[in-house]
Amino acid sequence: GTLKTPADSAYTLTVRDNDERIISLQRSLVTVGEAAGTYTVTAVASPPFTEPTTIPVSFGGSAVSTSVGRDYSVGSPGAFVFGANQTTASLSLTIVDDFTGERAEDITVTLLDDSTSYKLGSIAQTFITIDDNDTSLLSFTTSSSQPWENAGNQTVSVSLTRALSEPITIPLVLTTGTGFAT
């Protein structure tokens, strides 16, 4: 016997990708100055996605992000978007130079896990420290005073050239001449 097939018969075999895809961030610790303008966080996919894919992230830390950007704002769409066959995707953060004396603040960018299409790599979080560039100078409002010894308590006033975002303690060292200071 002879086996014959119709001329229009066909079989399609689609091979699905089952390689383990790893998503990592390029850097785990970063320090930027408040006047930096922007900082770009980069994610790396290995192997690349075969079709456009969005990787969601979360933001945390002591720095505050609002739509107008108090300390920083996030560029749209606020996630990593990989194009087909791309190995890197970027997320832009605008650092706000706010003219307020404050301590360094931090931003945490965390990749969110999707166990179906990728696994998180060795760097799943980036900690970004924003170093403040706003200094405030402290000065005495008067350079000296000469109260009588029975005058009681004295007030020494100081002023700042720029407002601070939180209370501070200023150590005061008293020196004695012929009198007694505490």
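Trainee: What percentage of the 182 residues of the chain count as buried?
Mentor: This is a predicted model, in which local features need pLDDT of at least 70 and side-chain atom pairs count only at pLDDT 80 or more, whereas totals for chains, interfaces and linings use all residues. Residues are numbered from 1 along each chain as its sequence is written, and side-chain values use heavy atoms, with hydrogens and water left out. A residue is called buried under 20% relative accessible area, exposed over 50% and partly exposed in between, with a 1.4 Å probe and protein chains only. By that criterion, the buried part of the 182 residues is 25%.

Trainee: How many strands are there in the chain?
Mentor: Helices (H or I, at least four residues) and strands (E, at least two) are taken as DSSP runs and numbered from the N terminus. The chain accordingly has zero helices, and its number of strands is 13.

Trainee: What percentage of the contacts in the chain with a separation of 6 or more comes from residues 24 or more positions apart?
Mentor: A contact here means heavy atoms within 4.5 Å. Counting contacts with a separation of 6 or more, the part from residues 24 or more positions apart is 68%.

Trainee: Which strands are the edge strands of the open sheet of four strands?
Mentor: Two strands pair if DSSP finds at least two bridges between them, and in this open sheet, whose pairing is mixed, the order is E2-E11-E9-E5. An edge strand pairs on one side only, and this applies to E2 (29-33) and E5 (57-60).

Trainee: In E11, which residue is the bridge partner of Val32?
Mentor: E2 and E11 (residues 125-131) run in the parallel sense and pair over five bridges. Val32 has as its bridge partner in E11 the residue Ile130.

Trainee: Is Leu29 buried or exposed?
Mentor: Leu29 has its place in strand E2, and its C-alpha atom is separated by 5.0 Å from that of Phe127, 98 residues apart along the chain. Because its relative accessibility is 62%, Leu29 counts as exposed.

Trainee: Which residue in E8 stands opposite Ala43?
Mentor: E3 takes part in two antiparallel pairings: four bridges join E1 to E3, with Val44 as the partner of Ser24, and seven bridges join E3 to E8. In E8, the residue opposite Ala43 is Ala89.

Trainee: Is Thr42 buried or exposed?
Mentor: Thr42 lies in strand E3 (residues 38-46). Leaving aside neighbours within four places in sequence, Thr42 is in contact with Ser24, Leu25, Gln26, Phe80, Thr88, Ala89 and Ser90. Because its relative accessibility is 16%, Thr42 counts as buried.

Trainee: Which residues touch the most other members of the largest nonpolar core?
Mentor: A nonpolar core is a set of buried Ala, Val, Leu, Ile, Met, Phe, Trp, Tyr and Cys residues joined through side-chain atoms within 4.5 Å. One of the residues in question has these partners, not counting residues up to four places away in sequence: Phe80 touches Leu25, Val41, Thr42, Ala43, Thr53, Thr54, Ile55, Val57, Ala89, Ser90, Leu91 and Leu111. Of the 25 residues in the largest core, those that touch the most other members are Phe80, Phe82, Ile107 and Ile128.

Trainee: Which elements give two or more residues to this core?
Mentor: In soluble globular proteins, nonpolar side chains tend to be buried together. Here the elements that give two or more residues to the core are E1 (22-25), E2, E3, E7 (80-82), E8 (88-95), E9 (105-111) and E11.

Trainee: What is the centre to centre distance of the aromatic pair of Phe49 and Phe82?
Mentor: Rings of Phe, Tyr and Trp (its six-membered ring) pair if their centres lie within 6.5 Å, with planes under 30 degrees apart counting as stacked, over 60 as edge-to-face and the rest as tilted. The structure holds two such pairs. That of Phe49 and Phe82 is tilted, with 55° between the planes and a centre to centre distance of 5.5 Å.

Trainee: At what angle are the ring planes of Phe49 and Tyr118?
Mentor: The centres of these two rings are 6.5 Å apart, and the pair is edge-to-face because the planes of Phe49 and Tyr118 stand at 90°.

Trainee: Which residues do ring pairs link into a cluster?
Mentor: Phe49 counts as buried because its relative accessibility is 3%, and Tyr118 is buried as well, with a relative accessible area of 2%. Ring pairs link into a cluster the residues Phe49, Phe82 and Tyr118.
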